[in-house]
Amino acid sequence: MNFDDLQIVWNEVNSRPSYTIDEKALHRIVVKRARSFWKRILFRDFVEIAVASILVIFLTAKGTQNLIQNEGLLNLLNISLFTMATGCAFVGAFMFVGRQRQKRHDRNFDDSIQGNLLKLISNVRYQIRLLENVFSWYLFPLIPGVILVIVATSESNPFNPWLRGLFCLLCFIFVYWLNKTVVRIQLEPQEKELESLLSRLEKDDE
């Protein structure tokens with residue numbers, strides 16, 4: 001999200017003795033950028049929650065099918081599939097509940113330019129916390145299921161279990177690195193830029 005156009009409008013505001021129209025233009029740009037940000041986050045959350053839900057259904061169905069074939073007797077494959085389904089369910093539920101809590105929190109802000117900036121800053125900060133802690137709520141819940149699935153299928157799968165484990169580990173490291181990079185390159189600069197704009201607006205109102 002680039003706020004260069006906010007800076008342009010702000011410069012125009014400071015250069016004119018009467019800036020009611022410019023402030024309205026600034027407000028419109030803030031609202032537009034905020035909606036663009038929220039749409040991207042909504043799409044990402046929808047995709048991840050949908051994928052988690054599909055995996056829960058698929059893994060639970062496979063585990064149940066295997067359980068029926070074994071006449072109700074649990075084996076390592078059943079346990080691994082149900083464990084993986086539980087991990088996916090936790091991730092999907094965490095994202096859904098977190099999003100609902102953030103939406104309720106957004107109601108505390110009014111529809112002024114400062115209110116929209118504060119709401120956008122709050123959402124950016126929430127995304128920073130979310131991605132900074134991606135290991136605890138996203139990766140860690142999946143680790144037990146992944147390990148159990150690799151062990152349970154070590155004899156039936158033609159690929160070496162150690163190689164599959166290494167591949168999964170590299171995928172987890174990549175996801176962790178990617179989220180940290182997004183925070184450092186995108187979200188933190190956005191947070192500072194928004195805070196700077198809000199500070200300048202508040203000084204102008206004094």
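This is a predicted model: local features need pLDDT of at least 70, side-chain atom pairs count only at pLDDT 80 or more; totals for chains, interfaces and linings use all residues.

Residues are numbered from 1 along each chain as its sequence is written, and side-chain values use heavy atoms, without hydrogens and water.

Rings of Phe, Tyr and Trp (its six-membered ring) pair if their centres lie within 6.5 Å; planes under 30 degrees apart are stacked, over 60 edge-to-face, and the rest tilted. The count by this rule is five aromatic pairs. Phe 94 and Trp 137 have ring centres 5.1 Å apart and planes at 10 degrees, so this pair is stacked. Because Phe 94 belongs to helix 3 (residues 76-106) and Trp 137 to helix 5 (residues 134-139), the pair ties together parts 43 residues apart in sequence. Helices here are DSSP runs (H or I, at least four residues), numbered from the N terminus.

Trp 137 is buried at 6%, whereas Phe 94 is partly exposed at 33%. Trp 137 also pairs with Tyr 138: the centres are 5.4 Å apart and the planes at 75 degrees, so the pair is edge-to-face. Tyr 138 is partly exposed at 24%. Phe 90, Phe 94, Trp 137 and Tyr 138 make up one aromatic cluster.

Arg 101, Lys 103, Arg 104 and Arg 107 form a positive surface patch. Patch members have over 30% relative accessible area and no salt bridge, with like charges joined within 9 Å; a salt bridge is a side-chain nitrogen of Lys or Arg within 4 Å of a carboxyl oxygen of Asp or Glu. Lys 103 lies in helix 3 and is partly exposed at 42%.

Notes: Helices (H or I, at least four residues) and strands (E, at least two) are DSSP runs, numbered from the N terminus. Buried means under 20% relative accessible area, exposed over 50%, partly exposed in between (1.4 Å probe, protein chains only). Patches are made of residues with over 30% relative accessible area and no salt bridge: like charges are joined within 9 Å, nonpolar side chains (Val, Leu, Ile, Met, Phe, Trp, Tyr) within 5 Å. Accessible areas come from the Shrake-Rupley method with a 1.4 Å probe; for residues, only the protein chains shown count as cover. Lys and Arg count as positive and Asp and Glu as negative; His and the chain ends are not counted. The place of a charge is taken as NZ of Lys, CZ of Arg, CG of Asp or CD of Glu.
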